[in-house]
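Me: Could you walk me through this structure? I'd like to start with contacts and then move on to packing.

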Amino acid sequence: MRKKLFLLAMVLVSALILLIGCAKKKEDKPLIMGFVPLSNSEKLVEEIKPLENMLAEKIGEKVEGFIATNYIGVVEALGTGTIDFALIPPFAYILANKKHGSEALLTSLNKNNEPGYYSVIVTRNDSGIDKVSDLKGKKIAFVDPSSTSGYIFPAVILMDNGIDIEKEIKYQFAGGHDKALQLLVNGDVDAVGTYENSLKKFSKEFPEIEKNTKILEKSDLIPGITLTVSSNLSEEKKTKIKEAFLAVTEEKEGQEILLKLFGLKGFQEANKNNYDSIKVKLEKLGIDIEKIK
């Protein structure tokens with residue numbers, strides 16, 4: 001009898017240890033925050049650490065950053081639950097929502113309190129190019145096929161200026177805004193499509209870029225960088241993440257971090273109707289969301 005009681009006790013203790021271990025393992029699992037490759041991934045990993053720490057404090061859980069190799073990578077990671085939430089451009093959100101039911105919680109405000117940002121087409125001052133129509137027959141660097149400011153909006157600007165982007169220019173995808181600007185600085189391309197604040201953002205990497213370049217045309221307002229959450233998260237967790245971001249933007253340190261990283265000032269509730277302007281651009285480019293992989 002004693003032997004049976006001893007064995008039963010051992011089983012119960014083992015089960016308890018296993019449960020505690022599993023609970024601890026689950027508790028220790030960090031929330032993963034995703035980003036598209038706006039700049040050098042290794043550098044961005046270091047730059048986002050202060051934001052990770054602030055969010056972790058507000059949420060009450062550890063937060064770790066994840067930099068996708070491309071824009072589609074972060075969309076798919078949201079779908080599989082590899083990442084829990086992400087700060088992504090609006091077109092990436094549209095894809096994530098369409099393909100995986102990912103949800104937009106907040107959209108960013110720029111330094112002028114506008115709910116979005118702008119795309120620009122930039123050339124060097126010595127290029128001899130004075131207007132967008134002069135780019136016919138030239139070389140252009142875009143960022144990524146799924147980049148709102150680095151491809152979709154500048155491509156439509158070219159089309160609106162009478163340029164067939166498939167026949168009348170040579171273009172390439174650089175893989176990042178900093179990489180596109182590098183091609184421009186090196187003279188490998190005649191112009192780039194990027195976001196307006198990128199010239200200031202990467203002025204340390206390219207000290208003369210603001211002085212030696214000019215903007216040919218600026219787009220209409222693009223819906224802001226979108227705080228997007230995986231459909232795998234509970235409503236409680238979504239609320240915590242949303243409230244944490246809003247709390248971060250109320251503090252001076254948080255404002256400085258977001259301004260430095262993304263050129264944004266804060267957030268407001270996401271308005272799903274604001275994304276219709278992007279869908280119009282996609283139709284103009286002949287891009288079918290259903291076929292994007």
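Reply: Contact here means heavy atoms within 4.5 Å. This is a predicted model, in which local features need pLDDT of at least 70 and side-chain atom pairs count only at pLDDT 80 or more, while totals for chains, interfaces and linings use all residues. Residues are numbered from 1 along each chain as its sequence is written, and side-chain values use heavy atoms, with hydrogens and water left out.

Me: Ok, what does arginine 124 touch, leaving out residues up to four places away in sequence?
Reply: Arginine 124 touches Leu184, Gly187, Val189, Asp190, Asn212, Thr213 and Lys214.

Me: And is arginine 124 buried or exposed?
Reply: Arginine 124 is buried, because its relative accessible area is 17%, and buried means under 20%, exposed over 50% and partly exposed in between, with a 1.4 Å probe and protein chains only.

Me: Switching to the largest nonpolar core, which residues touch the most other members?
Reply: Those are Leu55, Phe85, Leu135, Leu158 and Phe245, out of 92 residues; a nonpolar core is a set of buried Ala, Val, Leu, Ile, Met, Phe, Trp, Tyr and Cys residues joined through side-chain atoms within 4.5 Å.

Me: Which helix gives the most to this core?
Reply: Helix H6 (residues 148-160) does, with seven residues, where helices (H or I, at least four residues) and strands (E, at least two) are DSSP runs numbered from the N terminus.

Me: What does leucine 158 touch?
Reply: Not counting residues up to four places away in sequence, leucine 158 touches Ile121, Val132, Leu135, Ile140, Phe142, Ile163, Ile165 and Ile169.

Me: Back to arginine 124, which strand is it in?
Reply: Arginine 124 lies in strand E6, residues 119-124.
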